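Please keep the picture in view while I talk.

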Amino acid sequence: MNILKDLYNILLPRRCVVCQGTLEPDEQYLCTFCSVNLPRYPIDNIEDNEPLRKVWNFAPVQYGATLLYYRRQSDYHKMITEIKYRGREQLGIKLGQWAAMEIAELQLGEKIDVIVPVPSDSRRKKKRGYNQAELIAIGLGKAMHRPVASILKRHGTGTSQTKLGQKARRENATGKYEACIPPFLRGKHILLVDDVLTTGATIGTCAQTILSEDPQARISIFTLAIDAQT
């Protein structure tokens, strides 16, 4: 089996998602150089930070964190596109697990009861076969030992938020979501999870939707990255 594995790695070597260099046997998804140089977003206060201030425009969320700066011109942008458009499901889960380890010092995981991914529209989920925010949530849940629950639904297909401005994003997100909260999850502290935070419209509207259905709920947020260009 080792011979076959070595032969496979020679013929089809594993590549770093970011720089496309060949991975060493003990490296996974990212080479050591790219791992060390991840564009980490510095958060030392989960009660007041830039991601939270963006979302406070939409809903009274309590705590928040993000892991990375997101820049479209950066090679690290490939991590998001590989998950979002190229079927790298295990990469999404692994990034969620890495994120949980990174934010463990902030003790965010100790404050929440359940992890809820921001939903994608049904057309995109059918095309991809998964929701990228759910993959990140699964990774977080595994590392934090918290359950993941898909209690939000998105109606219609709508327009992708990717190329919209701030006002258009807010309008595009309004009225798109529905919360279906079972009795055993009411009044819980929910961690809302998405891949990239730009204006805060999507995740903020989702938080607002949950609170309108369950006013006793508490909401915190986590995104894998925050757009550095907004």
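Before I give any angle, let me say how one is defined: an axis is a line fitted to C-alpha atoms, for helices over the stretch in contact, and the angle between two axes runs from 0 to 180 degrees between their N-to-C directions. Please also keep in mind that what you see is a predicted model.

Let us begin with helix H5, which covers residues 89-102, and helix H7, which covers residues 132-144; the two pack at an angle of about 45°, with their axes 7 Å apart. That angle makes H5 oblique to H7, and H5 passes H7 in a right-handed crossing. Which residues in H5 and H7 meet? On the H5 side they are Glu89, Gly92, Ile93, Gly96, Gln97, Ala99 and Ala100, and on the H7 side they are Leu135, Ile136, Ile138, Gly139, Leu140, Lys142, Ala143 and Met144. If we sort this contact of H5 with H7 by class, we find nine nonpolar, four polar and two charged residues.

Now H5 also packs with helix H4, residues 77-85, at an angle of about 130° and with the axes 7 Å apart. H4 and H5 are therefore oblique to each other, and here H4 passes H5 in a left-handed crossing. In this contact, Met79, Glu82 and Ile83 of H4 meet Leu91, Gly92 and Leu95 of H5, and by class the contact of H4 with H5 has four nonpolar, one polar and one charged residues.

Asp44 sits between helix H2, residues 32-36, and helix H3, residues 50-55. Is Asp44 buried or exposed? Its relative accessibility is 74%, and because exposed means over 50%, Asp44 counts as exposed. Along the chain, Asp44 and Ala65 are 21 residues apart, and their C-alpha atoms are separated by 9.0 Å.

Finally, the protein as a whole. It has nine helices and six strands, and of its 230 residues, 51% are buried. Among contacts with a separation of 6 or more, 74% are between residues 24 or more positions apart. The accessible surface comes to about 11900 Å², and carbon and sulfur atoms account for 51% of that surface.

Technical notes:
Residues are numbered from 1 along each chain as its sequence is written. This is a predicted model: local features need pLDDT of at least 70, side-chain atom pairs count only at pLDDT 80 or more; totals for chains, interfaces and linings use all residues. Side-chain values use heavy atoms; hydrogens and water are left out. Helices (H or I, at least four residues) and strands (E, at least two) are DSSP runs, numbered from the N terminus. Angles under 35 degrees count as roughly parallel, over 145 as roughly antiparallel, 65 to 115 as roughly perpendicular and the rest as oblique. A crossing is left-handed if the near helix is turned anticlockwise from the far one by less than a right angle, and right-handed if clockwise. Contact means heavy atoms within 4.5 Å. Ala, Val, Leu, Ile, Met, Phe, Trp, Tyr, Cys and Pro count as nonpolar, Asp, Glu, Lys and Arg as charged, and the others, Gly among them, as polar. Buried means under 20% relative accessible area, exposed over 50%, partly exposed in between (1.4 Å probe, protein chains only). Accessible areas come from the Shrake-Rupley method with a 1.4 Å probe; for residues, only the protein chains shown count as cover.
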